[in-house]
Amino acid sequence: MQAEAGRAGKSDGQVLRALLRRAGDFLLPPRCLSCGAGLDRHYAFCAPCWSAFDFIGEPFCRITGAPFAYDPGEGAVSAAALARPPAFAQARAALLYNDAAARLISRLKYGDRLELAPTFARLMAQAGGGLLTDADLICPVPLHARRLSWRRFNQAAELSRALARLSGKPADPEILLRHRPTKAQVGLSAGARRRNVAGAFSLKAGKGAKIAGKHVLLVDDVLTTGATVEACTRVLLKEGAAMVSVLTIARVAGEEAPPI
């Protein structure tokens with residue numbers, strides 16, 4: 001009798017949740033996250049908007065994740081990575097930074113579209129599943145306090161929290177500090193980007209034990225020249241992390257891509 005009552009209660013709960021979902025869909029019908037077209041489920045994209053994304057798949061550089069124009073063979077490393085090896089072990093991104101990706105990332109960063117973070121995180125988890133599995137800790141690239149006050153949230157921290165929920169791995173948005181305000185990187189050359197962020201990051205006091213000997217997954221929205229994640233990586237390694245990998249929503253197509 002008790003087992004039957006339990007099954008009945010569970011069934012009633014499922015029915016209630018289904019009714020609540022239908023009521024919610026009636027009041028706030030599912031819409032494409034990009035264009036707003038009607039859909040049959042929430043937090044998704046319509047077919048035309050989905051097809052506008054340029055997903056990164058094999059072949060790509062084993063280290064930087066930059067896509068190759070042709071297949072040079074398994075485990076190939078790009079000439080740029082060989083000429084200037086990055087401090088991070090590997091980097092992966094879900095999308096190439098095209099107009100469709102840029103528009104939605106901008107909405108997340110500047111348009112308070114926080115509902116995009118879990119959807120982007122799912123794409124990132126698919127692209128960087130191996131990095132996420134191997135990581136001990138998820139750490140976002142930080143904003144300076146002044147910019148955080150203006151924006152009210154750090155998009156990289158929101159992505160980190162969403163990735164933590166998906167993977168069960170811990171995320172700490174306060175591992176790194178951006179203690180020096182920097183100019184926006186948009187429009188700067190690769191060298192100017194490196195100079196802009198040089199010495200801008202530090203480990204927050206008391207966080208050394210948390211990263212000591214750990215594989216840290218560094219999260220950001222876009223990888224362009226890699227100057228920002230490189231600066232963060234060097235701090236983490238200097239302070240005791242065993243390895244740092246990088247995971248972003250999007251990356252520019254080439255290793256020495258033009259400014260965005």
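Which residue just after α8 takes a positive phi? Select G168: its phi is about 80°. Before going further, note that you're looking at a predicted model, where local features need pLDDT of at least 70, side-chain atom pairs count only at pLDDT 80 or more, and totals for chains, interfaces and linings use all residues. Residues are numbered from 1 along each chain as its sequence is written, and side-chain values use heavy atoms, leaving out hydrogens and water.

Now step back into helix α8 itself, residues 155-167. (Helices are DSSP runs of H or I with at least four residues, strands are runs of E with at least two, and both are numbered from the N terminus.) Its 13 residues reach 18 Å from first C-alpha to last, close to the 18 Å expected at 1.5 Å a residue; that expected span is 1.5 Å times one less than the number of residues. Color the buried ones (under 20% relative accessible area, with a 1.4 Å probe and protein chains only): among them are Q155, L159 and L163. At the N-terminal end, pick N154, which caps α8 with a side-chain oxygen 3.0 Å from the backbone nitrogen of A156.

Next stop: strand β1, residues 90-96. Here 6 of the 7 residues are buried. Show β6 (residues 243-251) too, and you'll find it running parallel to β1, joined by 6 bridges.

Last, go to helix α11, residues 227-238, and click E230. E230 is buried, at 16% relative accessible area. Around E230, show P85, P86, A87 and F88: E230 touches these (heavy atoms within 4.5 Å), not counting residues up to four places away in sequence.

Note on methods:
Buried means under 20% relative accessible area, exposed over 50%, partly exposed in between (1.4 Å probe, protein chains only). A polar contact is a pair of N or O atoms within 3.5 Å; within protein, one must be able to donate a hydrogen and the other to accept it, and residues adjacent in sequence count only if both atoms are side-chain atoms. Two strands pair if DSSP finds at least two bridges between them.
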